[in-house]
Each structure stands twice: as structure tokens, then as C-alpha cells.
Amino acid sequence: MHRSGTSSVAGALAMLGAQPPKTLLAPSDDNPKGFWESWEIIQLNDRILQAGESWWNDWRRFDQAKISDAHRLAFQADIRSTLMAEFGEADTIVVKDPRCCRLWSFWEPALQDAGYEPLYVLPIRSPIEVARSLNARNGFNITEGLILWLRHVLESERATRGRPRVISPWTTFMADWRGEIVRIE
């Protein structure tokens, strides 16, 4: 979920050797150490969401039926070419965009087709903290932020169920990032 500590976790993984994307989103006042996410991946995910008549802050379940099989295959090909452009031949990469929570059915097969074995790290931050952060950054009301948090967290939990994953509470990561990295490793 946006504003959940995903940048800190992705940044730590990149600093420890995983390949970050080439076109990193620039740092900003609300995230001065950087987002550690790809501008190209964000744009691609926004196109997928738009094709499904959605957007990044839509709290409704993403309706994949609005995307034809042909468009799905085209998006998966776009994902594979974006992976190559962003990461080259790197063995271990960091793909970080909160939109992926809702679009993982597009990303997982494309990653596997590109030769990657997806492993999942789900940073979880208090929903009220996330809602307050979204309020400060985007002007969302608290209820909207809470519903958006719930949608993203439920989608990511569901998409990664039964797969190799670590659920990392934000407070734990902040208090003992080294211990959390050991768990993630």
C-alpha cells in the first residue's frame, strides 16, 4: 500500500544488492530518500488500470473482465519488455509499485516468463497512519484512506497467499531493520 514503508524496504533491498530499476522516480518532499520505484512501471501500471476503468486510488476491486485476453497478453508483453529495459539481465531485482497489489495477475506470469522467481515482501503499516499520510500528501479524507489501505492490503495478501512471502510490520522494520532483512533473506 502507498505510504506503508514500501520505499524504505525496497531501498534497503537495493542497497543490499538487489537491482533497482533504471528510471527511478525522483525523491520528493514527502519522500526525500526516494521511492525506489520505476517511472516506467508506474506508467505501465496506470495504463493497465485505465484499461480496466480504474486508477491508483480507486478503492474498488479491479475488474479484470474489462480487459480482453488480447489486451492482457499485450500488457504482459509490455511488462516483460519493461523488465528488460529497467533491469537488464540482473539476477535479483526489486519491483516496487503499490499498484502491483491490484495488478499482480498481470505481473506474476510476466516475471516468471522473464525467468524470475517472484518472492514477496509485504510491508504493513497501521491503516490510520497510512490514512493520515494520504490526507497530508493527497488531501484524501481519513475514511477514503482507510478503505484504500484495506483494498491494497487484502489484494496483496490474497495474491501472495501460498507463495514465498514475508509480511513485515512497519514498526518492526523501523525498530530493527537488520532483523527484518534477515527474515526477508
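The legends below describe close-up views of a predicted model.

View 1. Arg99 is buried, with a relative accessible area of 10%. Its side chain makes polar contacts with the side chains of Asp46, at 2.8 Å, and Asp97, at 2.7 Å. Beyond its neighbours within four places in sequence, Arg99 is in contact with His2, Glu37, Ile42, Asn45, Asp46, Leu49 and Trp56. The C-alpha atom of Arg99 is separated by 17 Å from that of Ser133, 34 residues apart along the chain.

**View 2. Salt bridge between Lys96 and Glu37.** The closest N and O atoms of Lys96 and Glu37 are 2.4 Å apart. The pair links distant parts of the chain: Lys96 belongs to the loop between α3 and α4, while Glu37 belongs to the loop between α1 and α2 (39–51), 59 residues apart. Both Lys96 and Glu37 are buried. Glu37 is also one of the residues in contact with Arg99.

**View 3. Salt bridge between Arg151 and Glu155 within helix α6.** In this pair the closest N and O atoms lie 2.8 Å apart. Because Arg151 and Glu155 are four residues apart in α6 (residues 142–160), they are separated by about one helical turn. Arg151 and Glu155 are buried.

**View 4. Salt bridge between Glu157 and Arg165.** The N to O distance between the two side chains is 3.1 Å. Glu157 counts as partly exposed, at 24% relative accessibility, and Arg165 likewise counts as partly exposed, at 28%. Elsewhere, salt bridges that share partners join Arg3, Asp30 and Arg137 into one network. The count for the model comes to 15 salt bridges.

**View 5. Buried and exposed faces of helix α8 (residues 177–184).** Glu180, Ile181 and Ile184 are buried in α8. These residues cover an arc of only 100° around the axis, so they are on the same side of the helix. The buried residues of α8 pack against α1 (6–15), β1 (120–124), β2 (165–169) and α7 (170–175). On the face turned away from the buried side, α8 carries the exposed residues Arg178 and Val182.

**View 6. Nonpolar surface patch made by Ile128, Ile142 and Leu146.** The patch has an area of about 190 Å². Ile128 lies in helix α5 (residues 127–138). With a relative accessible area of 31%, Ile128 is partly exposed.

Note on methods:
Residues numbered from 1 in each chain as written. Predicted model: local features only at pLDDT ≥ 70, side-chain atom pairs only at ≥ 80, totals over all residues. Heavy atoms only, no water. Patch = residues over 30% accessible without salt bridge, like charges linked within 9 Å, V, L, I, M, F, W, Y side chains within 5 Å. Areas by Shrake-Rupley, 256 points an atom, 1.4 Å probe, with all protein chains shown as cover. Salt bridge = Lys/Arg side-chain N within 4 Å of Asp/Glu carboxyl O. Helix = DSSP H or I, 4+ residues; strand = E, 2+ residues; numbered from the N terminus. Buried < 20%, exposed > 50% of the residue type's maximum accessible area, 1.4 Å probe, protein only. Arc of directions from axis to C-beta. Contact = heavy atoms within 4.5 Å. Polar contact = N/O pair within 3.5 Å; in protein donor to acceptor, adjacent residues only side chain to side chain.
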